[in-house]
Amino acid sequence: MNSCFSRTARLAITLTLVFLAGCARSHMRVDPDVDDGVGGGGTESQDVRTMADQMSRDLLAQAPLDASHGTPSLYVVGLDNNASHPIDKRMVVEMIRTRLVQHGRDRVRVLNRDASTLQEVQAERLAKREGAVEGSQKKALLGSDYVLTGTVRTISKRGRDGMSSDYWVYSFVLVDLESSEQIWANEYDFKWAGNRPAVYR
Amino acid sequence: MSPSPRTLRRRTRRPCTRQLASRVALWATVLGGAACTAWVPPPVEPYWQGRLDVAEELFRERLDSSDGDWVLMANELATTLDAKGDVDGAWRLFYDAGRAMETWDASFGERVGTVVGREDTREYRGEPYERALNSIYTGILAFERGEPDNARASFKEAMLRDAEQSEEEFGSDFAPSFYLAAWASRDNGQASEARSFLQEARQARQGAVAHGARGKSDPLAFRNFEASNLLVLASVGRGPWKVARRDRPDMVVMASPTQRVRAARVFVDGVLRGTTEVIGDVDFQANTRGGRWLDGIREGKAVFKEVSGTAGTVLLLEGIDRDDKGMMLAGAIALLGSLFISVDPDLRCWRTLPDTLQAIALDVTPGEHRVFVEFIATDGRVDSQYSREYRITVPARDAPRLHTTILHARSVPAPTPHRYPPTGGSP
């Protein structure tokens, strides 16, 4: 009797465990600031977010922006990738620009000089001036006081038995577009090191 | 005398232990069986027949339900999108697949599954030549997206990936990585770096040809680099695939298909400007490590099986000779272990790769041009179903830095084949 019960109980427990394992969620929402456990060796979501936050906040807090002639303006020119791995440059640039707009409303005017956006702006201005579309406000295109540029570099090493390491440095500088003076700079760096598991060698 | 209750419990437990053992064996068989299903890829013929919409649908469907072959399917889908002219879509997929190829972490289950079950149950990360070509195509598309710096980064990544070897360290010998990095560096305004990469491309090409790679050791595209502002690249032919060796089923060898085309002929505004030459032999890259020809790719597990089998036999015989039960047991366990290890080879490979990467470097006047690319079949005739026309705008020469144009054609039948010969054209 006891043996029978324990057999039934064991079967029930096994089936429940199998059922639970089968029902475990394979996809779930995770915090983009936390390591996702998937592994990797490049620029991760937490790097992009931390970098965008750090750079925008530090620039707005530390850069000696000249506000004597009104709110200064800047545009983000992009990232120059000098690394040994491709990156999604547009994502990094867009996140920094978004945060500058969000946090720097009174400190700085952020211009969008993306080629496609500029093309849209010019086409709309032309249409307004030619009377093709209605437009009450006609303004001059804003010139920029500063430009924010960035560079990415890596030191990549590959060794025996699948050993590898990659040191990443993202450097950002703000340059005065009248004097060429570099008035602010900051960097964000991180390093990956590891080796390939035996099953991949 | 009736048995004590303790003896009864022990007696009733014995069958339970046996049952438990049989249950464990049953579960192991079920799990082992689940891991023994061979990899069945979606058909690749629609891609090679130029039915790119069908190929896209097949690869996309498989990508959504991929099981260990996401990287492979992403690369095959990206190749298809590239052939369709979807530059951004193809770049995104190549880029994502490239990042996944860098993720070496394997879960405990994956490691156990790889040892107990088939080799092809692990997440696919690619052979060095496939990993290098992922970077090269990511770079070519980055160039087309107007990101020559990202392109250069991709070509540098290709050099690193090509140099990844498990047993010894070799330098990269895949010339296209260096040659394309030279173009990207020059476009980034770094002339001296470009010259340095070109020199490395020459050395890599000479080394590869010396070891048996097809094509010239100093192709015209290398010699014309300084005076050119248009690079026409062609992914020519159908790349190799993996098969198990007949005499050694645990060994994987590369098989080369019969080729339909061998080179591309390039016309600019109707004028024949030349024929592409091999700058990278994919078949050679797949079959060699640092210039050394491989008998076959042998996975670590096959080596383990052989070693543990031999060690088991030696221990068992030695144990019998010495009458050492411990040694006999160890030998028996090792021998038994080797019998249960599956050594089915991993035949997964990137099936939409070309046979060769070819190039022609041209000097064209700034402005708009019509570039016509036609592929020459192996019998010397032009196979018109592969021909296609591109419209390009070459930047002015007095620009602050030399902006070059890279055009990439794949030898798959064009969706709307151009069947007319351009002016001044082909026979």
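Predicted model: local features only at pLDDT ≥ 70, side-chain atom pairs only at ≥ 80, totals over all residues.
Residues are numbered from 1 along each chain as its sequence is written, chains are lettered from A and ligands numbered from 1 in the order in which they are written, and side-chain values use heavy atoms, with hydrogens and water left out.

Q: Which element of chain A has the lowest mean pLDDT?
A: The pLDDT is the predictor's confidence in each residue, from 0 to 100, and chain A has a mean of 85, with 90% of its residues at 70 or more. Among the elements of chain A, β2(A) has the highest mean, 94, and the lowest, 65, belongs to helix α1 (residues 2-23) of chain A.

Q: What is the order of the strands in the open sheet of chain A?
A: Helices (H or I, at least four residues) and strands (E, at least two) are DSSP runs numbered from the N terminus, and two strands pair if DSSP finds at least two bridges between them. The edge strands, each pairing on one side only, are β2 (109-111) and β5 (182-195) of chain A. With five strands and mixed pairing, the order is β2-β1-β3-β4-β5.

Q: Which residue of β4(A) stands opposite A:Arg153?
A: Strand β3 (residues 146-158) and strand β4 (residues 163-176) of chain A are paired in the antiparallel sense over 13 bridges. In β4(A), the residue that stands opposite A:Arg153 is A:Val169.

Q: Which strands of chain A does helix α3 touch?
A: Contact means heavy atoms within 4.5 Å, and axes are lines fitted to C-alpha atoms, for helices over the stretch in contact, with angles running from 0 to 180 degrees between N-to-C directions. Helix α2 (residues 45-62) of chain A packs on the sheet against β1 (73-81), β3, β4 and β5, and its direction makes about 160 degrees with that of β5(A). Helix α3 (residues 89-103) of chain A also packs on the sheet, at about 160 degrees to the direction of β1(A), and the strands it touches are β1, β2, β3 and β4.

Q: Why are α8(B) and α9(B) described as roughly antiparallel?
A: Angles under 35 degrees count as roughly parallel, over 145 as roughly antiparallel, 65 to 115 as roughly perpendicular and the rest as oblique. The axes of helix α8 (residues 148-162) and helix α9 (residues 175-187) of chain B come within 8 Å and cross at roughly 155 degrees. The two helices are therefore roughly antiparallel to each other.

Q: How many nonpolar residues does the contact of α8(B) with α9(B) have?
A: The contact includes B:Phe155 and B:Met159 of α8(B) and B:Phe178 and B:Leu180 of α9(B). Ala, Val, Leu, Ile, Met, Phe, Trp, Tyr, Cys and Pro count as nonpolar, Asp, Glu, Lys and Arg as charged, and the others, Gly among them, as polar. By these classes the contact has two charged, two polar and nine nonpolar residues.

Q: How far apart are the axes of α7(B) and α8(B)?
A: The contact draws on residues including B:Ile136 and B:Phe143 of α7(B) and B:Phe155 and B:Arg161 of α8(B), and its residues divide into 10 nonpolar, six polar and four charged. Helix α7 (residues 128-144) of chain B packs with α8(B) at an angle of about 170 degrees, and their axes are apart by 7 Å.

Q: Which strands stand at the edges of the open sheet of chain B?
A: Four strands form this sheet with mixed pairing, in the order β6-β10-β1-β13. Each edge strand has a single partner, so one side of each is left without a neighbour in the sheet, and these strands are β6 (277-281) and β13 (405-410) of chain B.

Q: How many contacts does the stretch 417-427 of chain B have beyond near neighbours in sequence?
A: Chain B averages a pLDDT of 81, and 75% of the residues score at least 70. Over residues 28-36 of chain B the pLDDT is below 50, and that stretch has four contacts in the model beyond near neighbours in sequence. Over residues 417-427 of chain B the pLDDT is also below 50, and the number of such contacts in the model is 29.
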